[in-house]
Amino acid sequence: MKIIYPGSFDPLTEGHMDIIKRLSKMFDEVIVAILYNENKNSLFSVDERKGIIEEAIKEENLPNISIHSFDGLLVNFAKSIDVKLVARGLRGVTDYEYEKNIARVNSTLYEGLETIFLLSNPSYSFVSSSGVREIAAFKGDVSAFVSPSVEKKIKEKFNY
Ligand code: PNS
């Protein structure tokens with residue numbers, strides 16, 4: 001069974017990696033799907049985000065992960081690869097309130113599409129890509145939130 005793990009991954013955090021590792025044990029293939037959104041001011045380009053995820057996957061020796069990018073609606077991407085299962089991580093009630101609406105919209109747009117939720121590891125329940133971007137913009141220490149290879153990319157980007 002295949003599952004899509006969608007997100008912006010700008011950049012990949014230890015919280016994302018925890019979910020990817022757990023999904024890789026449960027499913028035959030985990031399709032990490034990076035949202036490409038031209039309107040959104042992103043820190044890393046889609047290619048850079050893809051490279052960062054590829055490196056992290058290699059470091060963890062995860063054999064059953066593929067990395068895609070998509071633009072527009074998630075349901076259209078899901079249809080294009082014929083997968084009706086999506087995973088999202090939940091850090092707390094705020095995520096839940098937001099995610100339940102998206103899950104319902106998605107299953108309305110694509111009948112039979114299921115979203116499953118994994119509770120985030122408590123160690124990462126306060127970690128977010130936006131937080132990492134903010135710390136990085138001020139040349140702060142991001143090592144508690146991202147892997148060493150992601151930290152390296154961040155430091156290159158912000159010259160520190
Ligand atoms: O990492 P993020 O930014 O929390 O991921 C959000 C994502 C990419 C899963 C979500 O925004 C998404 O699926 N966007 C694609 C557009 C879409 O399908 N919207 C319909 C639901 S309202």
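Modeller: A residue is called buried under 20% relative accessible area, exposed over 50%, and partly exposed in between (1.4 Å probe, protein chains only). This is a predicted model, in which local features need pLDDT of at least 70 and side-chain atom pairs count only at pLDDT 80 or more, while totals for chains, interfaces and linings use all residues. Residues are numbered from 1 along each chain as its sequence is written, and side-chain values use heavy atoms, with hydrogens and water left out.

Biologist: What makes the contact of E99 and R88 a salt bridge?

Modeller: A salt bridge needs a side-chain nitrogen of Lys or Arg within 4 Å of a carboxyl oxygen of Asp or Glu. The N to O distance for E99 and R88 is 2.7 Å, so the pair qualifies. It links distant parts of the chain, with E99 in helix 4 and R88 in strand 4 (residues 85-90), 11 residues apart. Helices (H or I, at least four residues) and strands (E, at least two) are DSSP runs numbered from the N terminus. E99 has a relative accessible area of 5% and is therefore buried.

Biologist: How many salt bridges does the structure hold?

Modeller: There are 11 salt bridges in the structure. One of them joins R133 to D10, with the closest N and O atoms 3.9 Å apart. R133 is in helix 5 (residues 129-137) and D10 in the loop between strand 1 (2-7) and helix 1 (14-26), 123 residues apart.

Biologist: Why do R133 and D10 get the burial labels they have?

Modeller: R133 has a relative accessible area of 27%, so R133 is partly exposed. For D10 the value is 4%, so D10 is buried. D10 also takes part in a cis peptide bond with P11, where omega is about 0°. P11 lies in the loop between strand 1 and helix 1.

Biologist: What makes R22 and D18 a salt bridge?

Modeller: The closest N and O atoms of R22 and D18 are 3.0 Å apart, which meets the salt-bridge limit, so the pair counts. Both residues lie in helix 1, four residues apart, about one turn of the helix. An α-helix has 3.6 residues a turn, so residues three or four places apart point the same way. R22 is partly exposed because its relative accessibility is 27%, and D18 is buried because its relative accessibility is 13%.

Biologist: Which residues are around the ligand?

Modeller: With a heavy atom of the residue within 4 Å as the test, the residues are P6, G7, S8, L35, K40, F70, G72, L73, L74, R88, I102 and N106.

Biologist: Which residues of helix 6 are buried?

Modeller: Helix 6 (residues 148-158) has S149, V150, E151, I154 and F158 as its buried residues. Their cover includes helix 2 (46-60) and helix 5. E151 has a relative accessible area of 16%, so E151 is buried. Contact means heavy atoms within 4.5 Å; leaving out residues up to four places away in sequence, E151 touches D141, V142, S143 and V146.
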